[in-house]
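This briefing is intended to be read alongside the sequence and the three-dimensional view. Its points are grouped by topic.

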Amino acid sequence: MLCTRLTNAHFITMDPDRPVARELGVWHGRIVGLDEAVTSLPAREVIDLQGATVLPGFIDSHVHLAWTGLRARTPSVAPCERVDDVLAVVREAAARQPPGSWVSVSGYDQRGLGRHLTAAELDRVSDGRKVFMMHDSGHACVVNTAVLDLLPADVPHTEGYLAEGAMGAARKLRLPYSQAELADAVAEAARTCLAEGVTACAEAGIGGTMFGHGPLELAAYQLLREQGRLPLRVQLMVSADTLHPVAGHADDGTSRALDLGLRTGFGDDRLSVGALKIWTDGGMMARTAALTSPYEGLEHAGELQGDPDALTDTIVEGHLAGWQLAVHAIGDRAADLALDALERAQRLRPRPDARHRIEHAGLIRPDQLPRFARLGAIAVVQPNFLRYFGDDYARIMGPDRAPWLYRGKGFLDHGVTLVGSSDRPVTHGSPLRAVQFMIERSSASGRLIGPDEAVAVDEALRAYTVGGAFACHWDDTVGSLSPGKRADLVVLGDDPRRVSTSRIGEIEVVTTYVDGRETGQEAGGETGGEAGARAR
């Protein structure tokens, strides 16, 4: 007897052996068959989806769940466009905190203000409290004098504005958060993911200086799992700066590691350790992505996240130690470094199925595309960056480089695995909105950005299902609606392949299923009533 049979639906399976179906059977969280294989089988529960469209649950392969949840609880200065309005928010937030405490503020973006705020301005409204105002990119911040006084004298800043490693030094002063705080934040972010059709994701860097939230961050995820509050699949990327020297056997090739040699693959299908996250440059919003030529209208070309030889050594050592690598490289100069290091690593110890990833791949020159393919590097892009920030990014890249931004078709034409993701909370996490951009290549203002990089709707959906599963080594268990795989599904109010492209981002996410269970049931309530009626 089946646990559940879902019937009267338009299943888009993303499985080339059986692209569509009308019925799907579930037994103990797994798909046991489609259509005639399950139609005559008895089931404890039959759910009539009344013609709804069903896809494999979306996989968001690059997110920051803890940051997302914490940000939702933090006073925000978005969308303030006047310095005085920003300072008013900071003043109010500071007044709610005890003297001498920290005041965290989110939503800061200097582009709308025309300049960066200064420590002196924050001093006037903070009454001696320590103010940390995070840039929306996650690559910079502005702090007041109370924070600057705590930093070592050699930490560089410009009137309280700190970028990249300097920002990390300021964040470190605020850490750590408690496991309970982090668990609650992750749970809140996970619920948002489910509401957008995401049933699995990869947390892009725990434990480190850039985006880590304390030395016990992984334990917060374990706590959620133990409490039954982790409602989707999560793979945890580990920040490279958490590794430390180890005295292993010379034949192992491991010079730096986590304790006991923990690496990619540890865990189970609900919570596991994924790739080693390595940052090579910054971000375009903060103008710190490393380019080979300066930003349009500026005199600088961004910066690498440290000495190039040291970054290369970290990539090579991670590969030799058996990690899958997730190398953050937004600018083309950073991508050069990443590709050179991966080539060196594979030459020293070939691992054809390592599935190393280039996170963001924001500006990729034409000559770099064949190298991606030759090395088997996966491109994990964020289409919504261009949907929401595309006008600004195209301007600072100029007309010659703008067509190279967050490519789609260029990767596919060269045989590179293309994976979609959000980088939430940097921008909106909706996969359907990202799918729309991948097809039309139009920013929110209507500007076309690299229209030759547009992909077909099936290719865009694949980037958020099959492609994401491959990038996370989940391809045996999720990513398509195939017998034997986990029953992770998203029920939609319309078919992305049949509506006009301009409507894809607005398609309703009716409900999601993880392991064959409707996620609303796990939260103690019903969802998706519009899509189906139950019969026993």
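What pLDDT does the protein chain average, and what share of the residues scores at least 70? The model is a predicted one; its protein chain averages a pLDDT of 93, and 97% of the residues score at least 70. Over residues 521-536, however, the pLDDT is below 50.

- An open sheet is formed by 8 strands with parallel pairing, in the order β8-β13-β14-β17-β18-β19-β20-β21.
- Strands β8 (58-63) and β21 (418-420) stand at the edges; each has a single partner strand, so one side of each is left without a neighbour in the sheet.
- On average, neighbouring strands of this sheet are turned by 25° against each other, direction ignored.

- Strands β17 and β18 run parallel and are joined by 4 bridges; Lys-277 stands opposite Ala-326 in β18.
- The pairing of β18 with β19 is also parallel and comprises 4 bridges, with Ala-329 opposite His-360 in β19.

**Crossovers and the next pairing**

- A right-handed β-α-β unit is made by β17, helix α9 (residues 308-320) and β18.
- From β18 the chain crosses through helix α10 (residues 332-348) to β19, and this β-α-β crossover is right-handed.
- Strand β19 (residues 357-360) pairs in the parallel sense with strand β20 (residues 378-381) over 3 bridges. Here Arg-357 stands opposite Ile-378 in β20.

**Helix α8**

- Glu-217, Ala-220, Tyr-221 and Leu-224 are buried in helix α8 (residues 217-226).
- These four residues lie on the same side of α8, because they cover an arc of only 95° around the axis.
- Elements covering the buried residues of α8 include the helices α1 (65-72) and α7 (179-195), together with the strands β13 (198-206), β14 (233-239) and β17 (271-279).

**Two individual residues**

- Once neighbours within four places in sequence are left aside, Arg-371 is in contact with Asp-336, Leu-339, Asp-340 and Glu-343.
- Pro-352 is placed in the loop between α10 and β19. Pro-352 is exposed, because its relative accessible area of 84% lies over the 50% cut-off.
- Pro-352 and Gly-376 are 24 residues apart in sequence, and their C-alpha atoms are 7.7 Å apart in space.

Methods
Residues numbered from 1 in each chain as written. Predicted model: local features only at pLDDT ≥ 70, side-chain atom pairs only at ≥ 80, totals over all residues. Heavy atoms only, no water. Pairing = 2+ DSSP bridges. Helix = DSSP H or I, 4+ residues; strand = E, 2+ residues; numbered from the N terminus. Axes fitted to C-alpha atoms, helices over the stretch in contact; angles between N-to-C directions. pLDDT = per-residue confidence, 0-100. Contact = heavy atoms within 4.5 Å. Buried < 20%, exposed > 50% of the residue type's maximum accessible area, 1.4 Å probe, protein only. Arc of directions from axis to C-beta. Right-handed = clockwise from strand over helix to strand, strands pointing away.
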